[in-house]
Amino acid sequence: MTGSPPVDRSEVLAVEGASVVRDGRLLLDDVDWHVHRHERWVILGPNGAGKTTMLQVASTYLGPTRGTVRLLGETRGKVDVRTLRERVGYVGSGPATMIRNHLPAIDIVVTGKHASFVDTRWHEYDDDDWEFAHRLLERFQADHLADRSYGTLSTGEKQRVFIARSLMTGPEVLLLDEAMTGLDVGARERLVATLSGLASDPESPAVVLVTHHVEEIPPGFDHIALMSRGRIIASGPIDRNLTGVSLSECFEENLQVERIEDRYRAWLGESNTAYPGL
């Protein structure tokens, strides 16, 4: 009797002893973090904790002052990072500002094949490319937006289109930096549901989501790194590492957290027992 083939749990990302100093400020402080295939990670912490810096280092767009970064088996500094970036989906405020607002949503998605931010005249796209772009929009309940210009979309619609674009190359890891910032509750919940569907798909790449709020953690995300003051204070399976104690230490507030079915909520406690330093 033949069993199921083993799931590939090989390493896709390693940040080891990484520190980042910019303008005399320590943004990351001796961080160690490993991500493996099929893992779905949340990086959680307050403003200024170093979450975006961590993602920039992980994506090779920012080099650490000290330490080692391995991405998809290659060590930063020993490989042309441009070839690695073609294998990484990265959704963040930096790339989003380069989008041409007059382009239709379908063009935004298909040009992701070449990491291009200009119209489709500059590269060749065949019928399979356009079909795949439409399928990606459908996956994120956004195919009805295909002919709408990007600039006319709501913030939530733009995020779904941009995440679809990030998957155009079939990346091996997907990095989402504060993808829910600025969304109203309806748009947030639609995106949470979309990312939950992505997490449950065994064909999806490893996913990392940066957020400030436990309420934004999609069902199916199974690992968490809690960050504070440039350091990781807890890391690993979410059911063991997302606790009132760890969350209180992370945000330096007396916080309680509970899981309700597959979602989380947090609130301020009445006493300082969870964070006695306050």
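Hi everyone, let's start with Val69, which touches Ala14, Val57, Pro64, Glu74, Thr75 and Arg76, leaving aside residues up to four places away in sequence; touching here means heavy atoms within 4.5 Å. A quick word on the source: this is a predicted model, where local features need pLDDT of at least 70 and side-chain atom pairs count only at pLDDT 80 or more, while totals for chains, interfaces and linings use all residues. Residues are numbered from 1 along each chain as its sequence is written, and side-chain values use heavy atoms, with hydrogens and water left out.

Val69 sits in strand β4, residues 66–71; strands are DSSP runs of E, at least two residues, and helices are runs of H or I, at least four, numbered from the N terminus. Is Val69 buried or exposed? It counts as buried because its relative accessibility is 3%; buried means under 20% relative accessible area and exposed over 50%, with a 1.4 Å probe and protein chains only. Ser59 is ten residues from Val69 along the chain, and their C-alpha atoms are 9.4 Å apart.

Now to helix α5. Asp129, Ala133, Leu136 and Leu137 are buried there. They cover an arc of only 100° around the axis, which puts them on the same side of α5; that arc is taken from the directions from the helix axis to the C-beta atoms. On the other side, Asp127 and Asp128 are exposed. What covers the buried residues of α5? Among the elements doing so are α4 (105–110) and α6 (155–166).

Finally, α5 is followed by Gln141, whose phi is positive, near 50°.
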